[in-house]
Amino acid sequence: MKAGRGTLTALHLFLVWATTAVVVPTLGFGLVLSAWGGGVGATVPVLALGVPLTVALLAMAGLPARTVVPLCGSVRQRLGWAVLVFVLGTLGVLAGLAAYSGDVSLGSAGTRVALTGAPYAVAAAFFVPSRWVRSGALAMLAAGVAYGGFVGPAQAQQRQHEAEVARYRERPELLYLGDAPRGMEVSRVEVGPASFVVEYRPIRAGYELGYVGLVVRTPLTPIPRCPEFLAKDETCTVDARGETVRVHDFPGGTREVTLIRRQRNAEVEVTSQSIDEPGLRRLLNTLHPLSDTELEELMRQKKIDREL
């Protein structure tokens, strides 16, 4: 391509980009305002005025390319060319909006406005009879499809995942997990603003009975002590290490055991009617900060949730 034709082509594509980068966002803003104020019907006058105006401005942007782009040789041809560029470019903008609504990052507000004109410039480039220009347009189209369809959504998913992990770790001093008793597994975890609740149930759910509940929370009292009022057939003791043991005997021979222990700045309570005191103590002895691997596994299995 000669230098003069190359300059005209660059000017032509720049004018297409600049025109649509200004007009299309303005048209979109007008559509949003009209729909907000008067419903979908109010957008018809805006479209009736905005679309022909945009096509006319695109036709004017094709003037420098009269000797470069065959479809811009006459007024009628330029209008047809402008309609084609407007339709194809608008499809690209709609694809970008769909990606953006899926949390794909498109940069700052200024960057998004500048990107609005890119699909129209790419569409116009395909009408330039130059192998290099069309190859460049095809490369830009492929890059846009790859980013909007694959790279961008993957990055958005990763950002959402990282944000979810950060929400779960807002109170790291409460995130303690104990090894599941033999024959049991973690069945549910709930993260609250002031607590971390873990439920253990039998691995063979439905065939075996059993339940252990573990709660990590901020201490209820400055020092470990038994409650002032106990239920009937309930006993409570606090040993020299500050560990509280509560035993509640129910009619029929069922016994519920509760152990409460301080874990650094947190208080840990574990309760069960199927695991005895030594078994609960073994669970408490395995308490450890929730690791990233354990958190990832709980999230993958959808066993962890935030308290509503």
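**View 1. The lining of the second largest pocket, by residue class.** In this predicted model, the lining of the second largest pocket splits into 8 charged, 5 nonpolar and 3 polar residues. Here Ala, Val, Leu, Ile, Met, Phe, Trp, Tyr, Cys and Pro count as nonpolar, Asp, Glu, Lys and Arg as charged, and the others, Gly among them, as polar. The space inside comes to about 250 Å³. Of the 16 lining residues, Thr221, Arg225, Cys226, Pro227 and Ile260 sit closest to the centre. At least two lining residues come from each of β6 (244-249), β7 (255-263) and β8 (266-272), and β7 gives the most, with 3.

*Terms for this view.* A pocket is an open set of points on a 1 Å grid over the protein atoms alone, where a 1.4 Å probe fits and protein lies on both sides within 12 Å along at least five of seven lines; lining residues have an atom within 4 Å of a point. The volume is the space filled by probe spheres set on the points, which are joined across faces, edges and corners. Strands (E, at least two residues) and helices (H or I, at least four) are DSSP runs numbered from the N terminus.

**View 2. The largest pocket and its helices.** This one has a volume of about 1,200 Å³. Gly92, Val93, Gly96, Leu115 and Pro119 are the closest to its centre among 39 lining residues. Two or more residues each come from α1 (3-38), α2 (43-61), α3 (75-101), α4 (109-116), α5 (118-125) and α6 (131-168). The top contributor is α3, with 12 residues. By class, the lining has 30 nonpolar, 8 polar and 1 charged residues.

**View 3. Where α2 meets α3.** The two axes (lines fitted to C-alpha atoms over the stretch in contact) come within 8 Å and cross at roughly 120 degrees, with angles running from 0 to 180 degrees between N-to-C directions. On the α2 side, the contact (heavy atoms within 4.5 Å) uses Val51, Thr54, Val55, Leu58 and Ala59, while α3 brings Arg78, Leu79, Trp81, Ala82, Val83, Val85 and Phe86. That makes 10 nonpolar, 1 polar and 1 charged residues.

**View 4. α5, mostly under cover.** Of the 8 residues in α5, 6 are buried, meaning under 20% relative accessible area with a 1.4 Å probe and protein chains only. They are Tyr120, Ala121, Val122, Ala123, Ala124 and Ala125.

*Notes.* Residues are numbered from 1 along each chain as its sequence is written, and side-chain values use heavy atoms, leaving out hydrogens and water. Local features need pLDDT of at least 70 and side-chain atom pairs count only at pLDDT 80 or more, whereas totals for chains, interfaces and linings use all residues.

How values were computed. Buried means under 20% relative accessible area, exposed over 50%, partly exposed in between (1.4 Å probe, protein chains only).
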